[in-house]
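Colleague: Please walk me through this chain. I want to learn how to read its features.

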Amino acid sequence: MLFPNSNKAGLVCYSQKNFRQVGEPQSEVVIRGPREGFVVVIRTNISMIRSKLPNANLKVRLKKIGTESKTFTAVI
């Protein structure tokens with residue numbers, strides 16, 4: 001994308017991935033309590049936890065683990 005009247009350009013990366021939406025897990029039956037389960041996207045899971053625990057002292061540390069998969073984990 002080029003910006004008008006400027007010598008600058010920007011790049012926007014967009015990829016559409018199909019992930020499961022936040023909702024009731026298919027593999028677990030819940031009789032009492034919230035009907036939400038964690039999903040693949042870690043940022044979505046962190047947002048869900050933050051909405052349930054609205055506390056300014058809640059801290060999140062993201063860390064990559066694994067030499068092959070380099071999976072993101074979060075310590076909350």
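Modeller: Start with the contacts. This is a predicted model. In the chain, 11% of the contacts with a separation of 6 or more are between residues 24 or more positions apart.

Colleague: Which elements does the chain have, and in what order do they run from the N terminus?

Modeller: The chain has one helix and two strands. Their order is α-β-β.

Colleague: Which residues of α1 are buried?

Modeller: Think of the helix turn. An α-helix has 3.6 residues a turn, so residues three or four places apart point the same way. In α1 the buried residues are Asn45, Ile46 and Met48. They lie on the same side of α1, because they cover an arc of only 160 degrees around the axis.

Colleague: What do the buried residues of α1 pack against?

Modeller: Their partners are β1 and β2 (71-75).

Colleague: Which exposed residues does the face turned away from the buried side of α1 carry?

Modeller: That face of α1 has Arg43 and Ser51.

Colleague: And the chain as a whole: what percentage of the residues is buried?

Modeller: Of the 76 residues, 12% are buried. The accessible surface of the chain is about 7,300 Å². Carbon and sulfur atoms account for 54% of that surface.

Key
Residues numbered from 1 in each chain as written. Predicted model: local features only at pLDDT ≥ 70, side-chain atom pairs only at ≥ 80, totals over all residues. Heavy atoms only, no water. Helix = DSSP H or I, 4+ residues; strand = E, 2+ residues; numbered from the N terminus. Buried < 20%, exposed > 50% of the residue type's maximum accessible area, 1.4 Å probe, protein only. Contact = heavy atoms within 4.5 Å. Areas by Shrake-Rupley, 256 points an atom, 1.4 Å probe, with all protein chains shown as cover. Arc of directions from axis to C-beta.
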